[in-house]
Structure formats: structure tokens, C-alpha cells
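Subject: The structure you asked about

Hi there,

Here is the structure, ready for you to open. My notes on what turned up follow just below.

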Amino acid sequence: MLGPTRAGLLAALVRPASTAQLAERHFLSPATVSYHLGVLYRAGLVTRARAGRAVLYRRTPAGSRLAAMR
């Protein structure tokens, strides 16, 4: 479930970030990032909250523990 792309996105969420911000940092399309964040969200590793027009993703405690093991 946690391949290199998802692990990288999870590790990058030291601070909350939007799909567009993560896509730019990781040289991925926003659609690809959105797909992977959806998987992480359904697994309970990230949360999401609207901030104006953007949706910000944050690691959950479980996501932080997993990122720390990497």
C-alpha cells in the first residue's frame, strides 16, 4: 500500500500542503497526487480540510508514526 510515491508524499507533509503544492514539489501531476492522497486518506494516514479554495492535507498521528519509520 505504501510505495515510494505515497511514502514521499506522506514524508513531505511535515506542514499542511495542498495537492498543487505537493504536485509541484514532487514533479507529479495534480491528478496523480490527488489519487495517492485519496488512498492515504482512506487508510487514515492523512486528514483534509478546506482552507479557502484549497484543500490542505495533514498527517494523522498514525501517518506521522509511519513517516518516522521510513
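Is Phe27 buried or exposed? Phe27 is exposed, because its relative accessible area is 76% (buried means under 20% relative accessible area, exposed over 50%, partly exposed in between, with a 1.4 Å probe and protein chains only). Phe27 sits in the loop between helix 2 and helix 3, and its phi is near 55 degrees, a positive value in a residue other than glycine. Helices (H or I, at least four residues) and strands (E, at least two) are DSSP runs, numbered from the N terminus.

Before the rest, a word on the source. This is a predicted model, in which local features need pLDDT of at least 70 and side-chain atom pairs count only at pLDDT 80 or more, while totals for chains, interfaces and linings use all residues. Residues are numbered from 1 along each chain as its sequence is written, and side-chain values use heavy atoms, with hydrogens and water left out.

Now the helices. The axes of helix 1 and helix 3 come within 10 Å and cross at roughly 80 degrees (axes are lines fitted to C-alpha atoms, for helices over the stretch in contact, and angles run from 0 to 180 degrees between N-to-C directions). Helix 1 is therefore roughly perpendicular to helix 3 (under 35 degrees counts as roughly parallel, over 145 as roughly antiparallel, 65 to 115 as roughly perpendicular and the rest as oblique). On the helix 1 side, Thr5, Arg6, Leu9 and Leu10 meet Val33, Tyr35, His36, Val39 and Leu40 of helix 3; contact means heavy atoms within 4.5 Å. By class, this contact has six nonpolar, two polar and one charged residues (Ala, Val, Leu, Ile, Met, Phe, Trp, Tyr, Cys and Pro count as nonpolar, Asp, Glu, Lys and Arg as charged, and the others, Gly among them, as polar).

His36 belongs to helix 3 (residues 30–42) and is buried, with a relative accessible area of 14%. Apart from neighbours within four places in sequence, His36 is in contact with Thr5, Arg6 and Leu9.

The largest nonpolar core has 14 residues, and Leu13, Leu22, Val33, Leu37 and Val46 have the most contacts inside it (such a core is a set of buried Ala, Val, Leu, Ile, Met, Phe, Trp, Tyr and Cys residues joined through side-chain atoms within 4.5 Å). Helix 1 (4–12), helix 2 (19–26) and helix 3 each give two or more residues to this core. Not counting residues up to four places away in sequence, Leu13 touches Leu22, Leu37, Val46, Tyr57 and Arg59.

Three strands form an open sheet in the order 1-3-2, with antiparallel pairing (two strands pair if DSSP finds at least two bridges between them). Strand 1 (17–18) and strand 2 (46–51) stand at the edges with a single partner strand each, so one side of each has no neighbour in the sheet. Strand 1 pairs with strand 3 (residues 54–59) over two bridges, and Ala17 stands opposite Tyr57. Strand 2 pairs with strand 3 over six bridges, with Thr47 opposite Arg58. In the hairpin of strand 2 and strand 3, Gly52 takes a positive phi near 70 degrees.

Lastly, Thr60 lies in the loop between strand 3 and helix 4 (61–69) and counts as buried, at 12% relative accessibility.

Best wishes
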